[in-house]
Amino acid sequence: MTSKKSQKSLVELRINGETIEVAFAPHKTLLEVLREDLALTGTKHGCELGECGTCAVLVDGLPVLSCLVLGLEAEGREVTTIEGMATAAGLHPLQDAFADLGAAQCGYCSPAFLLVAKELLEVNPSPNRDEIREALSGNLCRCTGYIKIYEAVELAAARMRGEAVEPATESIYGFEV
Amino acid sequence: MNPFEYQQVDEPATAVDAISRWRGSKFLAGGTNLIDLMKNTVEQPPKLIDINHIPLRGIEQTPDGGVKLGALARNSDTANHPLIRKNYPLLSQAILSGASPQLRNMATNGGNLLQRTRCPYFMDPAFSRCNKRTPGSGCSALEGFHENHAILGASDQCIATHPSDMCVALAALEAKVRVRGPKGERIIAIGDFHRLPGTTPQIDTTLMPDELIVSIDLPPSPYGSHSHYLKIRERTSYAFALVSVAAAIDVDSGWIRGARLALGGVAHKPWRVEAAEAALAGQKLSISLFEQAASRALSGARPRRDNTYKVEMAKRAIIRALTIAGGLA
Ligand SMILES: Cc1cc2nc3c(=O)[nH]c(=O)nc-3n(C[C@H](O)[C@H](O)[C@H](O)COP(=O)(O)OP(=O)(O)OC[C@H]3O[C@@H](n4cnc5c(N)ncnc54)[C@H](O)[C@@H]3O)c2cc1C
Ligand code: SF4
Ligand code: FES
Ligand code: FES
């Protein structure tokens, strides 16, 4: 495909399993197309420089930074955003685990952490702490101090493997003592 | 970002043809450097030629026992490829020490070779003086902050460093860059690919504007696991090297048959130190030998006000990397 300067192109994108036609100018990043043209605001704007990871989405299953991908480059690829993580059956186990363990405070970093962790668990259902740390090392969180995020990924992984490893009720967020 | 035209191409010939027709146009690979620089208008190509659909993603063994890395193979696929992990662990280590997993999923081998300096004055057009961005405008780093700038091979026009980790390993492994231009293919030795700044710091490499990188060819390596990439940085993930060392030793029962040593973060190009390699060849492995090699490697260093620390840091990093590569750690 080719596009002229400033002129919008009509592009067919695959977002969260749906085919969507959308018109946008060639210089728009995937992040901008998702948020501004498709109102999928779950993907967050951060540094815009590749440094914070908060704009991560999955393209053909792999985590990439949507602030450094052109919308046009996504044509013909399968894009998954946080809006596509829950299914009709309910939240993804990672989303449940993040909620249960309070792995989010302001929550701004959570969509990206969840998607990156989802890909990790697809490739490696039993990651150790170092592997989790490495996989998530491109994502910044200014609130949690990361430990709760690692613990939530471990809890989700164990639940997904069908292991009975529920945390103590006191550590479940919202539990009343 | 300034507006631009956009074209997808799916074969090398079309890519070269397209870039030859549009003055100032650029190839788009992973975009992790180019899009970033376009956002702050350091780069303003009138046209982007998206090369991601060209089938240059392969990583294959070559008949001579080396490996050919497709220019569009992702840095993550390269670092994790079984052939690279087994035969060129130095390259895996170097790539994995850089950027973040998401960036490595996007970044390509060709793009990594051509990434531009992280000199903060170059990256921010609010500073008007930068010879690399605007030839003849001066160099803000000379009088400004230059704690992360070059100590070797710099000129009075530019003291920027080349930021790549991958390229430092490629220099030690004596890789060859295969490129295609309007007149066909040619091969550029990695040592000749990146330039010193001299009086033309705006030109980073010897690649012509109308040439496409098609592959990086690795010759067979005798070093295997007797190699180490050591990167010193301000935090353990996600930071560029202050100083890095790629060390590889061909050892035979305690004796060094040959060695390769290249430094990152110290010069405008990956800095191979052949004098130090010569000092190691034919000698018995020992820490004192490594100390001599380190002194030799830095003998021509010309640090400036804020980066004198790099000289000692580089020496110690060389000794440490050789010690680990030689199995003496
Ligand atoms: C936050 C951040 C941290 C980083 N940290 C590190 C680090 O620690 N260590 C490190 O080594 N790197 C690091 N990087 C840099 C990263 O490795 C490079 O940006 C990446 O390798 C560039 O590859 P690309 O495919 O994205 O290139 P692009 O951005 O697509 O292209 C870069 C340049 O190469 C040209 N080009 C690309 N492919 C070809 C080809 N086949 N033929 C001819 N020209 C071509 C383009 O026209 C452009 O001029 C970091 C980057 C970011 C954003
Ligand atoms: S060191 Fe080079 S890149 Fe940095 S300001 Fe000077 S001329 Fe520009
Ligand atoms: S917004 Fe993309 S990495 Fe920060
Ligand atoms: S929860 Fe606030 S940035 Fe992570």
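The questions and answers below go through the chain contacts, ligand sites, domains and selected elements of a predicted model.

Me: How are residues, chains and ligands numbered, and which pLDDT do local features need in this predicted model?
Reply: Residues are numbered from 1 along each chain as its sequence is written, while chains are lettered from A and ligands numbered from 1 in the order in which they are written. Totals for chains, interfaces and linings use all residues, side-chain atom pairs count only at pLDDT 80 or more, and local features need a pLDDT of at least 70.

Me: What pLDDT does chain B average, and what ipTM does the predictor give the complex?
Reply: With pLDDT being the predictor's confidence in each residue, from 0 to 100, chain B averages 97, and 100% of its residues score at least 70. For the complex, the predictor gives a pTM of 0.96 and an ipTM of 0.94.

Me: Which element gives the most to the side of chain B that touches chain A?
Reply: Counting two residues as in contact if their C-beta atoms, placed from the backbone, lie within 7 Å, 22 residues of chain B are in contact with 25 residues of chain A. The elements of chain B that give two or more residues to this side are β1 (5-8), α2 (34-39) and α6 (101-106), where helices (H or I, at least four residues) and strands (E, at least two) are DSSP runs, numbered from the N terminus. With 5 residues, the element that gives the most is α6(B).

Me: Which residue of β1(B) does A:S3 stand opposite?
Reply: Strands pair if DSSP finds at least two bridges between them, and strand β1 (residues 2-3) of chain A pairs with β1(B) in the antiparallel sense over 2 bridges. In this pairing, the residue opposite A:S3 is B:Y6.

Me: Is A:P26 buried or exposed?
Reply: A:P26 is found in the loop between β3 (18-24) and α1 (30-37) of chain A, and, leaving out residues up to four places away in sequence, A:P26 touches A:S3, A:S9, A:L72, B:F4 and B:Y6. A residue is buried if 20 or more other C-beta atoms lie within 10 Å of its own, exposed if 12 or fewer, and partly exposed in between, with C-beta atoms placed from the backbone. Because A:P26 has 25 other C-beta atoms within 10 Å, A:P26 is buried.

Me: Which chains surround ligand 1?
Reply: A residue is near a molecule if its C-beta atom, placed from the backbone, lies within 6 Å of it, and of the 33 residues around ligand 1, A:G50, B:G30, B:G98, B:G110 and B:G111 come nearest. Elements of chain B that each supply at least two residues of this shell include α2, α6 and β8 (212-218). The site is shared between chains, because the residues that surround ligand 1 come from chains A and B.

Me: Which residues come nearest to ligand 2?
Reply: Helices α8 (120-123) and α9 (140-143) of chain B each supply at least two residues of the shell around ligand 2. Of the 15 residues around ligand 2, those that come nearest are B:C119, B:Y121, B:C130, B:C139 and B:C158.

Me: How many residues of helix α5 (residues 89-96) of chain B are buried?
Reply: The buried residues of α5(B), among them B:L90, B:L91 and B:I95, pack against α3 (75-80), α4 (82-87), α6, α10 (166-172), β9 (227-232) and β10 (243-252) of chain B. Helix α5(B) is largely enclosed by the rest of the structure, because the buried residues number 7 of the 8.

Me: What is the bridge partner of B:V251 in β11(B)?
Reply: In chain B, 4 strands form an open sheet in the order β9-β10-β11-β12, with antiparallel pairing, and the edge strands are β9 and β12 (271-272), each of which pairs on one side only. Within this sheet, β10(B) and strand β11 (residues 255-264) of chain B pair over 9 bridges. The bridge partner of B:V251 is B:I256.

Me: What distance separates the centres of domain 1 of chain A and domain 2 of chain A?
Reply: Domain bounds come from an automatic or database domain assignment, which divides chain A into domain 1 (9-84) and domain 2 (93-171). In chain A, 15 residues of domain 1 are in contact with 11 residues of domain 2. Taken over C-alpha atoms, the centres of these two domains of chain A are separated by 23 Å.
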